[in-house]
Amino acid sequence: MRLHRITLQDYRGVAERTVRFAPTGLTLVVGPNEIGKTSMIEALDLLVDEKATARKQAIRDAQPVHRDAGPCVEAELSVGAYRLVYRKRWLKAPECELRVLDPAPAQSTGDQAHERFLQILAEGGVDRFLWRQLRVDQAGLVVQADVKASTVLASVLGSAETPGTGPEARLHELAHQEFRRYYTEKQHAATGDLRAAIDGLEEARAAHEAAQRTLGEAEAAIAEFERAGRLLSENTAELTAARVELAALEERAKTLDGERDQLRNLEARLDSARRLVDAAAKVDELQQTVDGLAEDADAAAAQAARAQQTRDEAARRAESLRAQSVTARQAARRAGEELRFQIDVHEERALGERLAKIDKTGERLRVTATELGRIAITEDLLERIEAAHQEWEVARASVDAGAPTVAVTRLGAAPVHLDGAPLGDGDITRTVPVSEPFTVEAPDVVRIVVTPGAAEHARRDRMMQARAAYDEVCAQAGVSDAAAARAADRERGRLLAEHGNCERELAAALAGDDPAALAHKLAHLRDRIARFTAVADAAPAPQVTVDRLREAESDAALAAEDADAHAGAASQQLAQCTDALTLAQVAAATFSTRLEERRGELERSRAELAALPQPVDGEQLADLRTAYDTTTSRIADLAPELLELKLKNARALVPQREQAKVELRERRAAATTRLAVFSEGERGPREAADQTGAALARAQEHHDRVQRRAQAARLLYETLDAHRLEARRRYAAPLRDRVEGYAAMVFGPQVRIGVGDDLTIATKTVGGVTVPFEQLSAGAREQLALLGRVSCADLISADSAGGPGVPLIIDDALGHSDRGRLDALAAILGAAAERLQIIVLTSAPERFRIAATRIDL
Amino acid sequence: MARFLHTADWQLGMVRAFLPPEAQARYDEARIDAIRALGRLAEAEGCAFIVVCGDVFEHAQIGAKSAARSMRALRALPVPVYLLPGNHDPLNAGSVYRSRWFTTERPEHVTLLDAPGLVRISDEVELLAAPWYGKQPPVPQLDAMAAQVEPAAPGTVRIGVGHGATEDIAGDMSGTALRPERFTAALNRRALDYVALGDHHSLRDVGSLGKVWYPGTPEPTRFTETAPGHVLVVDLEPDIPPKVTPHRVGRWTLAERTWELHESADVKALLGWLDAFPDESRTVAKPILSGSLSLSDHARLTDGLDVRRDLFAAIPDSSRSSLAIRAEDADLDGLDLTGFAAEAAADLRERGGPAALDALELLLRLAARAEDAGSVRGSGQSSGPRSGVATA
């Protein structure tokens, strides 16, 4: 669609105004605020949407305030192949006129014109909805175009269906409605029909179970009643039979009792005879036993007396031998002690002498060591002293032999001093070797200083040095000169020899022993000797030799061992005798006791025998036996054990059956009571169970059917929904590419734009930071909103140049944008204007630096 | 001459699971109505008495409502009535016949045949009754009793009144079943003149003797019954073969039929079968389905059954049905699905299985609905999704 011209008449404050737009490119409509720029666009909407006869508030608002005239709008448009002029007047003399100029001129009025115009729009594919959404005005500066419902845009986006509208959306909506019949929106939980079916099934199941229980109780009651009745009749029969049986058994028991009395009587008499014989036999037997026992007891007593005698003798002998043994042992100990004493005495003497020698040798060693310590000379030192002495002698000779001499002779009385010392009277001439400087002075006359030459100095120094070395080595050896050194060395040699001798002697005396240990041993010996001497009655004569004493000690020990052996043997024999005695005494006592017991028994048996009745004769006894056998046989015929068991059983059975009869009657009565509840016709448990069973089956069938439908609804809805989501994702892609391309020009090449399912710009991403549209600055939002609209318009126009495209109208927008962005947007709009009709209404034309057809209002 | 009405198997209190409560109520009422109808028939035909050969009640114990209605219907019968306890209502401890309401409210002209043996009910008529006391047949059963009784006195007719299956139809009960040859023997020696039986729910002349009859149940109870809904009017004279006239009193129909479905013509035939029933509100029709249908044909079938369910007493699903659904290109092509809807349909079709087929069928319906809605907007003409379905 292209807008060529619009004319307003009596529209709000405008009496008449015509604005012509460039058919392509950008038209810049400039005018101050309140001049009626926005009214112009609003008028266009009224023209398209409202019938001439409409009296809506929006129309009444368009009426001029001070003129009684109806607002009138006329527009010249191109739609598809048509070029037309469309005009409407409202309120006063309403009219509607459509003049088609091309391709075939035609004219219509009234509603017909209105309908025809809408038809032409539809034929031209003009999306009125999109047309409105793509408009940018001040109010909607930062609001994005809501284009998702546009079928035109949808078709441009390469998909026949629109995710939001159209037959597919309708289908989706119906599927959703169907889904919601059975499931909740969010949780997909059962609700509505499905919930009711599930609940209904549960209720039916519960009701049926309850009815089944009741039925079970009723059937149990019937069964119980019948069972109780059957048991009762069975019991009655059994009771009667039991009573008859009991009576018969009682009769037989009575017979048995009579027979048993008879038998007991016979038994007593037979028993009495048998016991008399037994008692006599027992007395005889006991008498024999007593006699035998008396003999045995006597023999045992004699044996015991003999054993006593033997034992006493053994005791005496053992005592004697023990005394001998003690004496022998004492003698042996004495001999041993004496032997020890003699050995100790000898040893003490030898040890005392040895220790004395050790002490003496030790003393000599200490003396020689002290003397050796005092001598500093060694062989080495002696050699060095001799050498130094030799050297000094040589040097002195060299000085004396080589030096010049000065002879000083005093000639007069005048004193002459030689080195300060006056030359004596007797000493008129003195020859002095010039080995060192000296002065010859005659006071007040002359002083002569004689100084030796260099050779003299050297020789003298050498001599002095040799002397000093000789003195030093003598001092080191602690001797005055070489002669003394040689004497000291000889003394040292003697002392060393002496010291060696002493050491060898000491080692011989010690023989490896420790002197302290030897001294201790000696003290011990002396102590032992003193002790023996103190206690011994008489010390043995010292002349008795150790060998003799050793022999005596050995003899005494052997004697003591012999005596001990004899004493031990005797003691053992005594023990054996004592045991034998004890055994004999016990045997004697045992026989004695048994004898007494048997005698008592014999007395009692004799008394018993005497007390028994006197014997019956043999014939009577035979009769008794025959009678006894007959009675026993009769009793056996009566089977007394079985009879007793039967009787016991029959006696227990009758009351038991009687009790059972009472109980069963009660049971039947109870069952009757229970049964009455079900058989009164008030309830039909089977019928009720049938009904609940039928209801359950129906509920199950209903549930299954509803559930199957619910599952179908759910599967269909979820499948449709999933595919719709996918379609929308694909669908938004071209729009996003277009917006992103434009955004790159405004925000830089790195910008990424996210477009949502509803075809609005959702996010802007720069440098990895994603910001939702709502959180962007007002400037960025209005820029993106504009870019979104340009992109939409672009997409439509790109599809078909003369077709569904609509003018892009920008009304006083971009107040939030800076110069740089404005220029970038201007460049985009300028480029878009080559494909689109763009109309910019503004009071600030400087915002849009674009080549445009400018119209000043 | 004795003329009487022979009926059995009223099964009062019977509950049918396939009936919804409303239909069940009408079915209950119909069974009571049948008693009234046979009462009117007895009066019109001049019957002297009515013999009910067992299973008067569905259960040994019966609900209050059933009891009250039954008692009123019994009371309204114009002639003496003889009730025989059968296997459903045996004379056991909890029997309906021992309940207080029956013993106190039993009308004078209603007699319970509560003891086995001969009962003389008038100068010229004797009954030989074999009532049931439990779930097992009575011992001796009627056939055995008939073999033991003396022939009827001259001028007297004797009617055997029994309940139970005869050997030829008893199936697994054959060990205790009634033996027709015994009846033949008894009839030949005039120990019996007519054998009135109950238990079998369809009208039947046992052995085509014309003397041993099952009247069947007066209102149908099962789909397998071949001739339910009758009572018999019997004219009986000594030494003359009985004249037995069946009369229809039942008004309900229970029908089942096997259908193998493959194409829309088959669906049409099935729906035609249903539409041919004259009295849908008293008809229970059970189609047993097999074969396989396309989605659209299945949708048509489901819609067709759904719309008729409100008309019929019931159209129960059969557990023996094994109908499969198949998705065909034609099903979906006709929809002109595009975009995500087409993708979703392809997805479901690829997925296969009953759930996906159900979903596809739903898609089919919804698409039809959307189209209808669209056409409503477009043309202003209404065509509901179920248009074209005949409504009675």
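Predicted model: local features only at pLDDT ≥ 70, side-chain atom pairs only at ≥ 80, totals over all residues.

Student: What percentage of the 392 residues in chain B is buried?

Tutor: A residue counts as buried when its relative accessible area is under 20%. Chain B has 392 residues, and the buried share of them is 56%.

Student: Now chain A, please. Is A:Val445 buried or exposed?

Tutor: A:Val445 sits in the loop that links strand 12 (438–442) and strand 13 (446–450) of chain A. The cut-off for exposed is over 50% relative accessible area. Because its value is 62%, A:Val445 is exposed.

Student: Which residues form a nonpolar patch on the surface with A:Val445?

Tutor: The patch has three members, with about 250 Å² of accessible area together. Besides A:Val445, they are A:Val446 and A:Ile448.

Student: How far does helix 10 of chain A reach from its first C-alpha to its last?

Tutor: Helix 10 covers residues 482–510, which is 29 residues. At 1.5 Å a residue, 42 Å is expected. The model comes close to that, with a reach of 43 Å.

Student: Which helices do the buried residues of helix 10 of chain A pack against?

Tutor: Start with the buried residues themselves, which include A:Leu495, A:Cys502 and A:Leu506. The buried residues of helix 10 pack against these helices of chain A: helix 7, helix 8, helix 9 and helix 11.

Student: Which residue caps the N-terminal end of helix 10 of chain A?

Tutor: Look for a side-chain oxygen 3.3 Å from the backbone nitrogen of A:Ala483. That oxygen belongs to the capping residue, A:Asp481.

Conventions:
Residues numbered from 1 in each chain as written. Chains lettered and ligands numbered in written order. Heavy atoms only, no water. Patch = residues over 30% accessible without salt bridge, like charges linked within 9 Å, V, L, I, M, F, W, Y side chains within 5 Å. Areas by Shrake-Rupley, 256 points an atom, 1.4 Å probe, with all protein chains shown as cover. Salt bridge = Lys/Arg side-chain N within 4 Å of Asp/Glu carboxyl O. Helix = DSSP H or I, 4+ residues; strand = E, 2+ residues; numbered from the N terminus. Buried < 20%, exposed > 50% of the residue type's maximum accessible area, 1.4 Å probe, protein only. Expected span 1.5 Å × (residues − 1). Contact = heavy atoms within 4.5 Å. Polar contact = N/O pair within 3.5 Å; in protein donor to acceptor, adjacent residues only side chain to side chain.
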